[in-house]
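Dear colleague,

Please find the structure below, followed by an account of what was found in it.

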Amino acid sequence: MKHFILLFSFLLSLSLKAQAPADFSFTPTNASGTLYGQVQIDGVSAEMGDWIAAFDEGGLCVGAVELILNEGVAYINLPIYGDDATSPEDDGMGPGENFILKLYDASANEILDYESTINTVYFSNWVNTNGAPMPAYSDFNEVYNFISYVPVTLILTDSIYCQNENDIFLDSGNPIGGDYSGPGVNESYFSPS
């Protein structure tokens with residue numbers, strides 16, 4: 001009975017472990033280099049159950065791992081796999097190929113591009129280090145801040161505003177929600193002065 005309870009507890013802990021989304025499926029190969037760093041979402045550390053993945057220029061996932069949380073900091077220890085030279089298929093990074101990072105935010109159930117959906121950052125300098133840290137990506141203190149919101153530009157073109165006019169309440173942004181910012185903006189008001 002004791003062995004059954006231990007086995008059941010072990011299986012339950014495996015089933016409760018956060019699962020990566022299907023898009024984060026990859027094929028490990030005999031060539032890899034590891035990327036280190038920290039992950040934040042909008043300036044706040046990512047959470048337990050969040051995953052990070054690398055994708056090559058063709059959109060192929062070339063490595064994915066669950067983030068490691070330690071004292072409130074989400075760390076990356078991501079092996080990025082190279083193309084298997086013995087296989088005719090594209091199954092990893094090729095020489096001189098760039099990659100992008102994506103984050104699965106488990107609490108929001110969404111995949112975020114690094115740096116944001118309107119500014120995807122491409123990384124070069126992938127190298128096969130046989131699983132060791134890649135020189136360009138070996139700093140545990142490097143922060144990769146994923147921006148989950150999309151800034152909206154509100155252009156006040158319907159009227160001409162003079163500097164001495166009253167403040168204007170901003171309420172016509174699309175999509176609804178978020179915060180206004182920029183020159184002359186204080187909370188939800190624009191001051192022509």
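The charged end of K102 lies over the ring of F55, 5.6 Å from the ring centre; this term requires NZ of Lys or CZ of Arg within 6 Å of the ring centre and within 35 degrees of the ring normal. The model is predicted, so local features need pLDDT of at least 70 and side-chain atom pairs pLDDT 80 or more, while totals for chains, interfaces and linings use all residues. Residues are numbered from 1 along each chain as its sequence is written, and side-chain values use heavy atoms, without hydrogens and water.

Strands β3 (residues 51-56) and β7 (residues 99-105) run antiparallel and are joined by six bridges; I52 has L103 as its bridge partner in β7. Strands are DSSP runs of E of at least two residues, numbered from the N terminus, and two of them pair if DSSP finds at least two bridges between them. The open, antiparallel sheet has four strands in the order β4-β3-β7-β8. Because β4 (61-66) and β8 (110-113) each have a single partner strand, one side of each is left without a neighbour in the sheet.

There are 11 aromatic pairs, counted for rings of Phe, Tyr and Trp (its six-membered ring) with centres within 6.5 Å; planes under 30 degrees apart are stacked, over 60 edge-to-face and the rest tilted. Y75 and F140 pair edge-to-face, at 6.1 Å and 75°, so this pair ties together parts 65 residues apart in sequence. F123 and Y144 are also edge-to-face, at 5.9 Å and 65°.

Yours sincerely
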